[in-house]
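Colleague: I have not looked at this one before. Can you walk me through a few parts of it?

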Amino acid sequence: MKPYPVPPLPASRLTGLLLALPLAAVTTAAAAALDYNRDVKPILAENCFACHGFDEAGRKAKLRLDVAAEALAPRANGPAIKPGDAAGSEVWQRIISPHADEVMPPPEAHKTLTAAQRETLRAWIEAGAPYAEHWAFVPPRATSVPAGAPHPVDAFVRARLRQEGLTPAPAADARALLRRVSLDLTGLPPSAADAEAFAADRDPRAYERLVARLLASPHFGERLAVDWLDAARYADTNGFSIDGGRHQWLWRDWVIQAFNDNLPYDRFLVEQLAGDQLPDATDSQLIASGFQRNNMTTHEGGTIPEENLVNYNADRVKTLGEAVLGLTLACAQCHDHKYDPVSARDYYRLFAYYNRLGDRGLDGNAGVNAGPARSLRTVLRTGEEADLRARIAALRDSLARPDPAVLRAWAARERARLARRGEGFALHPVKVRQVSTPNRSDLDVEDGRVVVIRQAGDLAAIDIAVDLSGVPGPVTGVRVVVPPSPDLPGGGWGRGPVTRAAMAAKTKGKGKAAAPAEEFKGTFRLTALAVSAGAVPGDQIDLHQLRALAGVTASSWDPAHPPAGCLDPRNDAGWSPDLAATGPVHLTATLARPLQPAETPFLNVQLNFGAGRSLLPERVELFVITGTDDGTDLPAAVVAALGRSGGEDDPAVAAVLWTHVARYAAELAPRRVELANLEDRLASLTEPFSTMVMAVADKPRETRILHRGDYAQPTEVVTAGTPAFLPPPPPGAAEDRLGLAQWVVMPGHPLTARVAVNRLWRLLFGTGLVATPADFGTQGEFPSHPELLDWLALDFIASGWDVKRLLTLLVTSETYRQSAAATPEQLERDPRNRLLARGPRFRLGAEFIRDHALRVSGLLVPRVGGPSVNPYLPFDLWREVSHYGSTPATAQVFVQDHGEKLYRRSLYTYWKRTAPPPSLAAFDAPNREVCTIERGATTTPLQALVLLNDVQFVEASRAFAERALRHPERADDARLRWLFAEGVSRPPAAAELAVLRGTLARERARYARDPAAAAAFLSAGESSRDARLPAPEHAAWAQVATLVLNLSEAITRN
Amino acid sequence: MHRAEAELLHHLTRRTFLGRSARGIGGLALGTLLTESLSAATRGQPGLPHFKPRAKRVLCLFQSGGLSHVDLFDDKPALHAHAGQEIPPSVKGSQRLTGMTSNQSAYPVVPPLRPGRRCGAHGTWISDLLPHHQRIADELCIVKSLHTEAINHDPAITFMNTGNQLPGYASIGAWVSYGLGSVNANLPAFIALVSQGTGKNPGQPIFSRLWGSGFLPASHQGVGLRPGAHPVLHLNNPPGVDRPQRRALLDDLARLNQAHAAELGDPETLARLEAYEMAFRMQTSVPELTDLSGESAATLDAYGPEVRKPGTYAANCLLARRLLERDVRFVQLFHRGWDQHIALSRQLPNQCRDVDQPTAALVEDLKRRGLLEDTLVLFATEFGRTVFSQGKLGDPAMGRDHHGRAFTVWLAGGGIKPGIEYGATDDFCYNITENPVHLRDLHATILHCLGIDHARFTHRFRGLNVRLTGVEEARVVKEILA
């Protein structure tokens, strides 16, 4: 979340000032002695190392400039670099050569040294060309804290400011600081009341108490987790190709709990890298080991497993490098690294640690986790169980006990419906124009009407295109008739369910006669039905013209598979007829709005038989209906009970009816949703769920160096090991992932602690002390405050890798607590605030923008963890890109959740990699395909559209306004002040209040003129609203709330 | 708005201008910073284009799933002579096949599904499945020697659209938006439209990464344009909010934001104000764009009957023309369903019917309106299909497998030589015999037409100067340039 990305300024404009050069250069060149790592190496790396560096294969003229021994060695034409003598150095001569065939870098490299860079190189050679090891590859050096400030962070930062002649900014005011630290440590804003209380708190330790309280909040773990989920490329789907669903949230919740428990960072890493290999590994440690299972996987038919496995392991090495070590290792998959001393051998030795995992190159289909996976219980400890059980019991009780008022209303409605049943009903045969399914070719149409599915198969969605010309309108629905056949097992209607063994036998005997009929009555399951209609013919269902269905009935049903199941497009529910039924069976879907064949004569019906196991019919006849459906979705017993007038007053009858009402009546839907959500929640806290883990295969694969990274070109065998240029593993470390983990966290490791400290620094200051947090190598940026970075890294290790302690240290510095207001001088001197003469400011991350709106509106359901949820989506973006209908993979079609699942924190939003949540993606959330360490922070019109128009935010405005209208003080000004302060944690200035008053007055007038518009606006979202509030007044306030939620200040952390 | 920006700029920089002119260059830096913040979405990278472009815009008609070059563009006498016979081992070679055909016991040659004819001045062969393409042959530069290493959809389509087989890279459209910026202040620079094919529905899955921004700023990702209520996600005001009301609210918002930005010295807030204004303009520019009522019956008829069905490839073609007319920099259509592993004889004619007439109509429409000369049109796919059958020969279920060693794409318009063929395959359209064009070369050529040297067009990421054409060799196919 760095500030608005501004490309570096053209250096030519800045010669002599060096404003936009990497931070080190903010010091004018003359002000300090040249430092090889800071001043010289970046120039050599950028311009020379690609051909004169570590990569032997790419090396030109057998010359290396990255190591002193070779750069300074005698050569035929004299040394490349002659210490103390630029003119006598070939390098210098080449740099200043006017000849195109001599000059370095050569013209084809498209690189030009600026005058300042040349001067630096000249001065460095003249000064003796002192080389130094790369700063990040030597362990952090202990430095004493400079004098001048009691807090070590301030001491280092101010020492630098003094050098630069800058002074720190004054302290931020209390409210701004409260908002800043709350957002940083929990991702949630303080309330207006919190802000007032904090501003009024005279206790000198008030801030420390605040920080302690925030760190103890369960939301701390959520806040910290988001960055790690990006780094670990956590998502809810497999990513490649069909992008089916997976289950890995137990790992995500482990991360949250680990941060909340303040698990020392070294253990945090060891358990994730090698939790499965720890002695007596606990379930928690197994879950943790799923870190390196978050990589994308595929089950795309036709792909080559060996190639896929190479891709998986390459992604694991890349992630280890960028997330943990701050190294861009990926280059070395194909060749020795151009800039850092990482050889291809080093690369494949790291690769070998992961190549022992017993995963498969094609796996993870049908919503079943790719192996190895384990069924385990969450590590979250939220303490909700007792409350959940009580609420579940109460809801079950309320649903079990007949409510006479509800029952009467329902019975009256159902009687009326039954009375209209079959009114004007007529059945019309239709002409089938075309029938198709994507992955098979065994469909026929008989007599232009009957669809025949000639062969068995696991599953299929069948698209039937029909012509309605000649059918009288209005058409009210569609009927699907399935006749039995003596050819089908047991003389039934379909071919399933065949057992898995029979399926396997059939697949093996491909092309031969089907396996002998099994001992069952063949049936089918219609898992979804969709209808579209248009004026232009089309062969398949039109996703953009789907017709809403008012309901479905059937001639009979298996109690476990009632007709309503096919209203849910997913594969796990659907209609199957009662096995006791005889003759043809049918299902009728009534359209929410009838259609006129004269206007839209072309109808498409998609029948999805997605349950698998050959639960497909053989023949299907399609009809349309006019008039009212003559069927019912009520069981016979319920129809009979309703037939007795006033029967619901008889307790026995009422009991029969209520069983049905409790399950299906619309009036009780909110209660059923709440119950289901609570049951899900309780289960997620108490039951085992599948999660992917690391393991070692019984027969681990051998690892070879792959020529050019190609799985098909293996060369020599390598064993697992750590890169040669870094310190060796501690004595006794094994050659397995546990050994790797122990190496990563050994106190002398030059990278791990620096990288971690830098990332936490970045979380609070927007930019790391190293501005390239994933690259501490040669091409990375030199630290802005190298001594501070080392001091913090050593302190972090010495503290036992205590994350909360480190964050406490940072947020209690005056550097952190400075005002973020920028003066013109500051903007001019240090536009990117690398010197920290003012407080950091950046836009909130995507998740926290939505969380902010949910919090201030009071809608937030602050439960921690659990399976991911599907809040509002304006269009089925999943189905648009998916393979829905021809795969058992899950996550092919979007089904929105309801109730509390709409209002969970955004890190719990289901992350489908090929179609990530658009309202989060608009604010730079990554698609989680690969390790992401730095999100961008762009500013786009799509963001404005989300904040103004996304139903999630519109609903939040409505609920936020409702809170304002419940404010005990009734005066407009008091409520406006509260609304503003709740939104941005400070009271409005007089001029701001005046604007708000104007908004309110204008919106009041607008909605007073048009109460229907007010009602329409207030209908956004599924949460209930207080109906006692007059709609125009509520809507007017909601507009003010929209205004506040759209303030730049509301989505910025100042 | 603009006055307020100027005031803020003045406020932020007055010290420089009044008292520190000796260091005025610092003021310049600040001014640059501010201007970049305000218009980063519309400006490209400094120094671009590198040279005079031949095309200002790109239209990419992407046929997702693997279009059969054998059936549609690359007929050979040998295919008929060897119909039903095993492909010679010397042609097939020993390189890898996908897991779908690598275990087949026979690889019989299947000639094109339908006859075709030589068309245009050059006499290029085009299948009768594409009669409208036959008509516009003189506009097309048909490249018959494209090749890719990828043999399966996900890696292949990702490679074709981002220059890498693995995720994490920026799409071509995002690169172009990043490099050249936008010339339309009311619409995004990169717009993507998806349609389902009728040959195979749903087709192979596609992914947002194909129009994603990868490591480039997210503001360069392709914005989806869809039919129906939400042509751009979240475009519409919520129910009960009208346009004048929204305008007034945005004015209030601007007032509050400006005051606060001035107080804090915050250029980002000014950029945000500009983004809100563009969002407001998009609320009229997008409906105006998608409103086809001004199109003549003749135009609509030219695109074929499906143009009247929103969301189809035909309808998207017409929208593409309207987008290009409005100077949207990069327009990309994805048409799904070109993956004829099975039932080639049923699926392929449907896919062809989806795209043939609208594609030809679009090229002609662009030409008629003078847009073709500075619009580069690319008709591409992720790989071709095998000359041998997948499945049993003669079975209606027979199809063709993926084939990356040689396949056909065509280009037209800005900077491209019309009415030519480039590159050739062997008698079995299996291997390239002359002028191979790797997809990287195609990328380099696209950038070249836009005035960009692919080798110098880089973005710094993870320590590397990353480019669309990657680290391997890539060359501009100069021979096809006009």
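**A buried helix**

Modeller: In helix α28 of chain A, the buried residues are Ala846(A), Glu847(A), Phe848(A), Ile849(A), Arg850(A), Asp851(A), His852(A), Ala853(A), Leu854(A), Arg855(A) and Val856(A). A residue is buried if 20 or more other C-beta atoms, placed from the backbone, lie within 10 Å of its own, exposed if 12 or fewer, and partly exposed in between. This is a predicted model, where local features need pLDDT of at least 70, side-chain atom pairs count only at pLDDT 80 or more, and totals for chains, interfaces and linings use all residues. Residues are numbered from 1 along each chain as its sequence is written, while chains are lettered from A and ligands numbered from 1 in the order in which they are written.

Colleague: How many residues of α28(A) are buried?

Modeller: 11 of the 11, so α28(A) (residues 846–856) is largely enclosed by the rest of the structure. Helices (H or I, at least four residues) and strands (E, at least two) are DSSP runs, numbered from the N terminus.

Colleague: What do the buried residues of α28(A) pack against?

Modeller: Their partners in chain A include α8 (174–186), α11 (218–231) and α32 (951–965). Contact here means C-beta atoms, placed from the backbone, within 7 Å. Just after α28(A), Gly858(A) has a positive phi of about 80 degrees.

Colleague: Other topic. How do α7(A) and α25(A) run relative to each other?

Modeller: Their axes come within 9 Å and cross at roughly 165 degrees. Axes are lines fitted to C-alpha atoms, for helices over the stretch in contact, with angles from 0 to 180 degrees between N-to-C directions. The two helices are therefore roughly antiparallel, a term for angles over 145 degrees.

Colleague: Which residues meet there?

Modeller: Pro152(A), Val153(A), Phe156(A) and Val157(A) from α7(A) meet Glu787(A), Leu788(A) and Trp791(A) from α25(A).

Colleague: And the sheet in chain A, what is its strand order?

Modeller: β3-β6-β11-β8, an open sheet of four strands with antiparallel pairing. Strands pair if DSSP finds at least two bridges between them. The edge strands, β3 (431–436) and β8 (528–534) of chain A, each pair on one side only. Seven bridges join β8(A) to β11(A) (residues 602–609), and Ser532(A) has Asn604(A) as its bridge partner.

Colleague: Last one: how many residues does each chain put into the contact between A and B?

Modeller: Chain B gives 95 residues and chain A gives 109. On the side of chain B that touches chain A, the largest share, 13 residues, comes from α9(B).

Methods. Two residues are in contact if their C-beta atoms, placed from the backbone, lie within 7 Å. Angles under 35 degrees count as roughly parallel, over 145 as roughly antiparallel, 65 to 115 as roughly perpendicular and the rest as oblique.
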